Amino acid sequence: MSAHNSVDLLVRSEEAPLNVFSYLSQLRNHWTLIIVAGIYLVRRTYQRTLLGPVWLLGQGVLPMLGMMAVFQHVSKFQTGDLPYPLFLISGMGIWTTVDLGIKRGFRTLNYLRRIKKVIHVPGIAMTFAGLSLPIVYMSFYAILLLGAVAFIWITDHRFLLSLDLKLVFVPVSVVLALMLVVGISAVTSVIFLIARDIRHIGSLLHLWFFLTPIAYPLDVLPGSWRAVWEYANPLVGIVEMYRYGLFGISGAGYEVFLAAAASTISIFMMGVWFMMRSDWILDEIL
Amino acid sequence: MEAGNWMNSLGPVLPEADVRRPEAGSVSGPTPSHPSALANAVANDVAIEVRNVSYWRGAASHLRKQRQSEATNQLLELGRSRNDVLDHLLEFGSMFLNVRSLAQGEISGQRLERTLNEVSVQIPRGSVVCVVDIGGLSRTALMRIVAKVIPPKSGEVILRGKVVSLEQAEAIPMPYRTIRYNLLSLGRLLGLQRNEVLAALPSMEAFTGSAEFFDMPVRRVPKSKKFDIAQSLVCSGAFDVIVAQEIRKGANEAWFRFLDEAPGRGKTLLISSSRLLNDALDHSTHALLLQEGRLLDFGSTAVMRARHAQFVDAATHASIHVAEEEIPLDDDQDDE
């Protein structure tokens, strides 16, 4: 029998809905659930499939191969010393994390409501659990990227990764990408429970893809539009930060990185705030 | 192992003389706010301490009647007549904007009806408590709060040891996986280590009397058998506090034996039933009576039955609270 001396405390303070930080701090008590729910969401993706996680390979690589085959022959898309495949893989790593994170994220509460209905947990914990699949994809792209770097190193005797302080920007940009996903998913997952219109968010994501320098370098944008692109779209700064950390080259400056970080953190906090208030209402609609 | 012998796998039963069944006391003195202070403040023989717990619900239905403003009213009317989704979104929006007052238990200056109203009680360890109310709303709320299924809207609950409810044990997250696989996942969600679940499995198989179901995908297992498995999990798992909202007709015999022997093992149970309330009372050591959201009385079952015979009779014959609808398997099959 388990020890009787453990004391568990349940409190629902009246001030809780007004304090985002105390709400976020509740996540400390729910790591096990986040991990179990995250694993469940990954397994759920491949349940009842013949090939299982092999689809990860197909979904991740095939679209990228298509883009690589076409765009590396477009002269404007050339990226100097950095081979185009590396440029594309690095961009696609961040993009896939955000794209998949948002597409899966808005379904998270719906998928996990069986669990949420019987185990009290802050809704934001479910949103964090929804990051599991994007993290799997992100890891897959990281392995792909390292493989490509190693291949170029062996065949061309050029080591393209920048192993210096700039490397710090890599984890920072990944964390920012995940925060962006959490911020957006926290809002959309609640709305999705009521209005399934969110399901059609995919077309907006296609637009976002083309507004972000994933497949093309930032330099190809016309000067007048470039500033708008850089500051209005936080993903521009995040992608460029990621590439800067990896290869030491970037089309954007530190001010763009800062703007991206500021807007991403704002979106994240807004999402958490929205989920925090929604938690009081979810009992009514779940 | 035969079904009747499953208890033996849990260890020796304490002699009756060793079973502690203290009477409940009332909460007094200042409420400490830090967990360690609470640990010291709660007596060792108290398994569950409920402190000033209130719960309210039904804000959505309340809003439907009250409406927030003329503008919202018009929008709701517009939405209601044309689009259900818009209607729901507007209701959600109204509640969202009023979360501050919702958290205080009121909307537009009107107090929401309390399902639980400032309930405080200490439940001794090793007691089987039958929760009785008329209609079932208050007991459902209290039992779900104790089981950590829902949080109290105000107040706090202090639990000694691990808690589980039958409702939680019935939640199977992955219908296409085997029962055994689901139990390992569920065990982790309920705070059990993997080896604790594995250690409990033989005893669970004996409890249900049908080990073959444990290796079948959940969706192929009959519903009644799933309930047996849920019962076996709460009985055989390393839980100290067990909440069973509904003692069902046709419940496994081993379950009733567990109810009778649990106090000897230091396990604390909260039980109730809509249809079999008398049976639940028969198997309980204590009764907790709730009337209109407030604690009416708490003590040994015999005393409570004698002291509140009329109330218990009314609760036994009251209309049954309709259980919430089961969540469909998934209404969002398309993935991308």
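**Reading contacts and aromatic rings**

User: In chain B, what share of the contacts with a separation of 6 or more comes from residues 24 or more positions apart?

Analyst: Taking a contact as heavy atoms within 4.5 Å, residues 24 or more positions apart account for 72% of the chain B contacts with a separation of 6 or more. This is a predicted model, in which local features need pLDDT of at least 70 and side-chain atom pairs count only at pLDDT 80 or more, while totals for chains, interfaces and linings use all residues. Residues are numbered from 1 along each chain as its sequence is written, chains are lettered from A and ligands numbered from 1 in the order written, and side-chain values use heavy atoms, without hydrogens and water.

User: How is an aromatic pair read, and which parts of chain A does the pair of A:F128 and A:F268 tie together?

Analyst: Such a pair is described by the distance of the centres and the angle of the planes. Rings of Phe, Tyr and Trp (its six-membered ring) pair with centres within 6.5 Å, and planes under 30 degrees apart are stacked, over 60 edge-to-face, the rest tilted. Over all chains there are 19 aromatic pairs, among them A:F128 with A:F268, edge-to-face at 6.4 Å centre to centre and 90° between the planes. Because A:F128 lies in helix 7 (residues 123-129) and A:F268 in helix 13 (residues 254-285), the pair ties together parts 140 residues apart in sequence; helices here are DSSP runs (H or I, at least four residues) numbered from the N terminus.

User: Which residues form one aromatic cluster?

Analyst: One cluster consists of A:W95, A:W208, A:F209 and A:F210.

Technical notes
Helix = DSSP H or I, 4+ residues; strand = E, 2+ residues; numbered from the N terminus.
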